[in-house]
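Visitor: I would like to learn how to read a model such as this one. Please take me through some features.

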Amino acid sequence: FPVSVIMDVPFSKLSLTETEEYLTRRILSGKTTHVVTANPEILMYANNSPEYKGILQSADMVVPDGIGVVYASRLRNDPVTERVAGYDLLHRLMSQADQHQLKVYLLGANDEVNRLAFERLANDYPNAIFVGRHHGYFKDGSDIEAMILNDIAEKKPDILFVALGFPRQELWISKHQPQLKIPLVMGVGGSFDVLSG
Ligand code: UDP
């Protein structure tokens with residue numbers, strides 16, 4: 001797919017619908033994909049953190065999550081097509097999970113929010129298969145984290161949504177995706193909070 005490079009980060013120029021179609025094709029063809037939905041806040045943070053910027057640069061796809069990114073691309077005369085918000089993309093992917101009976105795992109937010117987000121999605125997308133969920137309040141390297149990683153490996157979701165907030169979710173995904181090899185993994189920031197409300 002075509003990209004527009006903003007502050008060294010390659011942003012996808014696909015529209016929301018094209019992104020949905022592209023990612024669905026990748027899931028169904030057995031590829032593994034890490035999607036980052038990057039807003040201006042994330043871009044500024046990346047500018048001061050070489051490690052985080054490296055993760056954005058090596059992610060399989062970075063989508064422009066925020067009108068600020070869209071404007072920046074226009075100023076550079078290399079416009080992205082439109083804003084692709086993480087929350088909208090989550091719903092598009094859930095709709096695909098519903099159509100194709102894909103397995104979904106929800107990681108992150110506190111336990112109550114995680115449960116409410118799961119209930120809302122299970123209600124709205126009845127044919128998606130929810131294989132597991134866990135809250136996001138665990139420490140790196142803890143026994144709980146090891147248990148979560150085992151659970152995800154065992155349940156083999158097609159889609160893993162990770163709501164640990166940035167930058168933690170991208171760091172976590174880039175650290176564990178090489179072992180997990182999830183077809184589609186995406187950090188979703190505060191989306192579970194929105195879903196739960
Ligand atoms: N969160 C979490 N574990 C953490 C830190 C945050 O599960 O260690 C969750 C938090 O409960 C919230 C989400 O991550 O549901 C982050 O939301 P926020 O809107 O702060 O993140 P952003 O959209 O800025 O990435």
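**Reading the model**

Guide: Start with glutamine 101, which counts as exposed because it has 10 C-beta neighbours inside 10 Å. The cut-offs are these: buried means 20 or more other C-beta atoms within 10 Å of a residue's own, exposed means 12 or fewer, and partly exposed lies in between, with C-beta atoms placed from the backbone. This is a predicted model: local features need pLDDT of at least 70, side-chain atom pairs count only at pLDDT 80 or more, and totals for chains, interfaces and linings use all residues. Residues are numbered from 1 along each chain as its sequence is written.

Visitor: Where is glutamine 101 found?

Guide: Glutamine 101 sits in the loop between α5 and β5 (103–108). Helices (H or I, at least four residues) and strands (E, at least two) are DSSP runs, numbered from the N terminus. Phi of glutamine 101 is near 50°, a positive value in a residue other than glycine.

Visitor: Which residues of α5 are buried?

Guide: The general idea comes first. An α-helix has 3.6 residues a turn, so residues three or four places apart point the same way. In α5, Gly86, Leu89, Leu90, Leu93, Met94, Gln96 and Ala97 are buried. Seen down the axis of α5, they fall within an arc of 160°, so they line one face of the helix. The arc is that of the directions from the helix axis to the C-beta atoms.

Visitor: What about α2 (residues 40–48)?

Guide: Ile42, Leu43 and Ala46 are buried there. Down the axis of α2, the buried residues fall within an arc of 100°, so they line one face of the helix. Met44 and Asn48, on the other side of α2, are exposed.

Visitor: Which residues touch the most other members of the largest nonpolar core?

Guide: A nonpolar core is a set of buried Ala, Val, Leu, Ile, Met, Phe, Trp, Tyr and Cys residues joined through C-beta atoms within 7 Å. The largest has 53 residues, and Val62, Leu160, Phe161, Val162 and Leu184 touch the most other members. Leaving aside neighbours within four places in sequence, phenylalanine 161 is in contact (C-beta atoms, placed from the backbone, within 7 Å) with Leu90, Leu106, Leu107, Met186 and Val188.

Visitor: Where is there a cis peptide bond?

Guide: Look for omega. Phenylalanine 166 and proline 167 are joined by a cis peptide bond, with omega about 0°. Proline 167 has its place in the loop between β7 (159–163) and α8 (168–180).

Notes:
Contact = placed C-beta atoms within 7 Å.
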